[in-house]
Amino acid sequence: VQLQACGGGLVQPGGSLRLSCAASGSIRSTNYVGWHRQAPGKQRELVTQIVSGGITHYADAVKGRFTISRDNNENIVYLQMSSLQPEDTAVYFCNWSGYSGRFRSFFDSWGQGTQITVSS
């Protein structure tokens, strides 16, 4: 399963952006799907995740500002970001884990990363 993320860019503080991540292949079931980010000089961190059963988790830093959602029919996951701040500047990666194809093969895929820059 390959992931294609898009929607990054430059935004002013307080602005909004929506990222999307489309998965190719025949996904039979999902363990979890989510977004991570990596700021310059920092480790990659989990931003938000939907786990099996539909339970969502958010990092404290983004609670109330970011919303993850998933289109099950199209195998797309979205990240709606609002009230963006300079500290949200990072490369954002989507991550999808589950089973795919006729033989339900395990996969744990990462998107290529998309840059979000929050600056005036």
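In this short talk I will go through the cysteines of this structure and then turn to one residue, Gln 49.

Before that, please keep in mind that this is a predicted model, in which local features need pLDDT of at least 70, side-chain atom pairs count only at pLDDT 80 or more, and totals for chains, interfaces and linings use all residues. Residues are numbered from 1 along each chain as its sequence is written, and side-chain values use heavy atoms, with hydrogens and water left out.

Let me begin with the cysteines. A search of the whole structure turns up 1 disulfide, the term standing here for a pair of cysteine sulfur atoms within 2.5 Å. Its partners are Cys 21 and Cys 94, whose sulfur atoms lie 2.1 Å apart. The pair links distant parts of the chain, 73 residues apart, with Cys 21 in strand β3 (residues 17-23) and Cys 94 in strand β9 (residues 90-100); strands are DSSP runs (E, at least two residues), numbered from the N terminus. The link of Cys 21 and Cys 94 is right-handed, with 60° about the S-S bond, and both cysteines are buried, meaning under 20% relative accessible area, where exposed is over 50% and partly exposed is in between (1.4 Å probe, protein chains only).

Cys 6 counts as partly exposed, because its relative accessibility is 43%.

Finally, Gln 49 sits in strand β5 (residues 45-51) and counts as buried because its relative accessibility is 14%. Leaving aside neighbours within four places in sequence, Gln 49 is in contact (heavy atoms within 4.5 Å) with residues including Tyr 32, His 57 and Ile 68.

Methods:
Helices (H or I, at least four residues) and strands (E, at least two) are DSSP runs, numbered from the N terminus.
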